[in-house]
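Hello,

Here is the structure I promised to pass on. Please open it first, then read my notes below.

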Amino acid sequence: MTPRTEHLDKLAGEYVLGTLRGLPRARFERWLEQTPELQVHVLRWQNGLAPLDDLYLPIQPPAHVWQNIVRQLDGERDNVTNIKSHWLKRHGWIGAAALAAACLLLVLLPRTLVKPYASPSEVAVLAAQDNNMRWQVSLNPDSHALTLTPPRGLNIPSDRSLELWAIPKGGKPISLGIISNTALSAVSALGKPIIDGSLLAISLEPRGGSPTGQPTGKVLFTGSIQL
């Protein structure tokens, strides 16, 4: 693992675990939207920690917890009412308009500055015809990046590469790039025919990819995109 990869993986772990907060988290999410490599690390952490969810049972909080929350909200509502009345008495309609604008800014500003990160969702499973191996394919709706998770134990000759193809209905295969048989792969799908019902395929090509721009080797895995 290179120093850069190790750094990205560390940040992704802090993000998924929730220890990355405030402005650093906001900057990370903006970076995450535009960096497929970083999305791969986040997805790896999410998949790795997901089984832990099954180890814990939901707990009903005591009634007094909810009562305290309601009491605090009522107190904040009273404070807002008192502030509004005070402004109206001292500044009239001009003050009221300024106060309303300030409140609106406080509500809208966080939504404008920090766009929520859209988690990748599974859009396809690529299956082999002669064995039980499966690839999982996820799509990030913001960056249009595909993340592919290979099956375990998939071996290929050292002088061959796996190439991913998108095949639109009635069209020719379009290369999405070379993918790894041992690690997560992220490929850009921006401008490619990644639409509902299109076919994804993985072929075995000469090392470095097809020399013709079309599949030349055996097609090992196929699956339809389900958006």
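**What I found**

Contacts between residues 24 or more positions apart make up 57% of the chain's contacts with a separation of 6 or more. Please keep in mind that this is a predicted model.

**The chain overall**

The chain has 4 helices and 8 strands. From the N terminus, the order is α-α-α-α-β-β-β-β-β-β-β-β. There are 227 residues, and 30% of them are buried. The chain exposes about 14800 Å². Carbon and sulfur atoms supply 59% of that area.

**Helix α1**

Helix α1 covers residues 3-17, which is 15 residues. From first C-alpha to last, α1 reaches 21 Å. That is close to the 21 Å expected at 1.5 Å a residue. The buried residues in α1 include Leu8, Leu11 and Tyr15. Asp9, Ala12 and Gly13 of α1 are buried too. Just after α1 comes Gly18, with a positive phi of about 90 degrees.

**Ser185**

Ser185 sits in strand β6, residues 185-188. Is Ser185 buried or exposed? Its relative accessible area is 7%, under the 20% cut-off, so Ser185 counts as buried.

What does Ser185 touch, leaving aside residues up to four places away in sequence? The list is Val40, Leu146, Thr147, Leu148, Ile179 and Ser180. With Ser180 there is a further detail: the side chain of Ser185 reaches the backbone nitrogen of Ser180 at 2.9 Å. Ser185 and Pro150 are 35 residues apart in sequence, yet their C-alpha atoms are 8.4 Å apart in space.

**A nonpolar patch**

Look next at the surface. Val65, Trp66, Ile69 and Leu73 form a nonpolar patch there. Together they have about 390 Å² of accessible area. Val65 lies in helix α4, residues 63-113. Its relative accessibility is 33%, between the 20% and 50% cut-offs, so Val65 counts as partly exposed.

**Salt bridges**

Side chains of opposite charge can pair when their charged atoms come close. The count here comes to 4 salt bridges.

- Glu29 and Arg25: the closest N and O atoms are 4.0 Å apart. Both residues lie in helix α2, residues 22-34. They are 4 residues apart, about one turn of the helix. Glu29 is buried at 11% relative accessibility, whereas Arg25 is partly exposed at 25%.
- Asp130 and Lys218: their side chains meet at 3.8 Å, N to O. This pair links distant parts of the chain, 88 residues apart. Asp130 is in the loop between β1 (121-127) and β2 (134-140). Lys218 is in the loop between β7 (199-206) and β8 (219-224). Asp130 and Lys218 are both exposed.
- Asp159 and Arg160: the side chains meet at 3.4 Å, N to O. Asp159 is partly exposed, with a relative accessible area of 43%. Arg160 is partly exposed as well, at 33%.

Best wishes

Terms used: Residues are numbered from 1 along each chain as its sequence is written. This is a predicted model: local features need pLDDT of at least 70, side-chain atom pairs count only at pLDDT 80 or more; totals for chains, interfaces and linings use all residues. Side-chain values use heavy atoms; hydrogens and water are left out. Helices (H or I, at least four residues) and strands (E, at least two) are DSSP runs, numbered from the N terminus. Buried means under 20% relative accessible area, exposed over 50%, partly exposed in between (1.4 Å probe, protein chains only). Contact means heavy atoms within 4.5 Å. Accessible areas come from the Shrake-Rupley method with a 1.4 Å probe; for residues, only the protein chains shown count as cover. The expected span of a helix is 1.5 Å times one less than its number of residues. A polar contact is a pair of N or O atoms within 3.5 Å; within protein, one must be able to donate a hydrogen and the other to accept it, and residues adjacent in sequence count only if both atoms are side-chain atoms. Patches are made of residues with over 30% relative accessible area and no salt bridge: like charges are joined within 9 Å, nonpolar side chains (Val, Leu, Ile, Met, Phe, Trp, Tyr) within 5 Å.
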